[in-house]
Amino acid sequence: MSIVPHYDFEKRKVTTLRLKEMKKLGIKIACLTAYDATIAKIFDEAGIDLMLVGDSLGNIVQGHETTLSVTLQDTIYHTKAVVNGTERALIVADMPFMSYQVSANEAFTNAGKIMKETGCNAVKLEGCRNVTEAISRMTEAGIPVMGHLGLTPQSINQYGSYRARGTNSEEANQIYNDALSLQEAGAFAIVLEKIPAELGKRITDSLSVPTIGIGAGPHCDGQILVYTDMLGITIDFNPRFVRRYSNLNEIMKKAVGHYSDDIRNSKFPNEKESY
Ligand code: KIV
């Protein structure tokens, strides 16, 4: 019997084609980040459709302020681990800062390296104007690409803040046009981060490829959160778009405190736990 309530998800491997089909059928796409095999296995068994090995690993796993220092090797290492823990979900590897901006050629080579060395199903990259050529080349070569518009954390030093994007009509129209261009270039899906719900709806209604929102309102075809935020492991980051489904920070601290006490009081291990 499934331990996942009210959800009878398809057991077959999720593909980029299936995601498009889900959009057509109005079936919402459930996505989360993942960075290792153990967590990936739990999310996969719980029915998550798409796992993103986000460059948020720079914040979550490595403890950096921004995502900028993540390397191609870091991405490959963590993506391999997630692939090892996953049977059903589609796995997308986030291309790190400066692994795709220098030239379409370099982007193409790096995307190929990620695909070949990890066994993931797709790559993701941020922005539009300087990446459409790279997206076209990757798509033609059989590398599915996910776009990412709105708040693009790799550009933090250019914008200077993590404020919502597309809140004035000029910026909103730019994001809208960029979404059309990414679809035209061959992107199979687009992440929309921290934009008004109305803009999320306008883009979602205009595209044939699915939109995956994070702070982009309820009309997107799917939703994604950083899993440590969703499970309440990281509790210092509190944007409006994060909903906490658990409080693992407190639960884990209690369990670890209990364990430490038992060791200090010589209660662990007991006779049954010894050889
Ligand atoms: O790096 C990441 O985790 C992401 C998601 C927040 C979409 O890009």
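## Largest pocket

In this predicted model, the largest pocket has a volume of about 850 Å³, where a pocket is an open set of points on a 1 Å grid over the protein atoms alone, with protein on both sides within 12 Å along at least five of seven lines, and a volume is the space filled by probe spheres set on points joined across faces, edges and corners. Of the 28 residues lining the largest pocket, Ala-30, Cys-31, Ile-48, Met-230 and Tyr-245 are the closest to its centre; a lining residue has an atom within 4 Å of a point.

The elements β1 (29-33), α2 (37-45) and β8 (222-225) each supply at least two residues of this lining, helices (H or I, at least four residues) and strands (E, at least two) being DSSP runs numbered from the N terminus. The lining of the largest pocket divides into 20 nonpolar, five polar and three charged residues, with Ala, Val, Leu, Ile, Met, Phe, Trp, Tyr, Cys and Pro counted as nonpolar, Asp, Glu, Lys and Arg as charged, and the others, Gly among them, as polar.

## Second largest pocket

The second largest pocket holds about 620 Å³ of space and is lined by 31 residues, of which Ser-56, Asn-59, Glu-193, Val-226 and Phe-237 lie nearest its centre. Two or more residues of its lining come from each of α3 (57-60), β6 (189-193) and β8, and by class the lining has 13 nonpolar, ten polar and eight charged residues.

## Basis of the values

Residues are numbered from 1 along each chain as its sequence is written. For this predicted model, local features need pLDDT of at least 70, side-chain atom pairs count only at pLDDT 80 or more, and totals for chains, interfaces and linings use all residues, while side-chain values use heavy atoms, with hydrogens and water left out.

Definitions and conventions
On a 1 Å grid over the protein atoms alone, a cavity is a set of points where a 1.4 Å probe fits but cannot get out, and a pocket is an open set with protein on both sides within 12 Å along at least five of seven lines; lining residues have an atom within 4 Å of a point.
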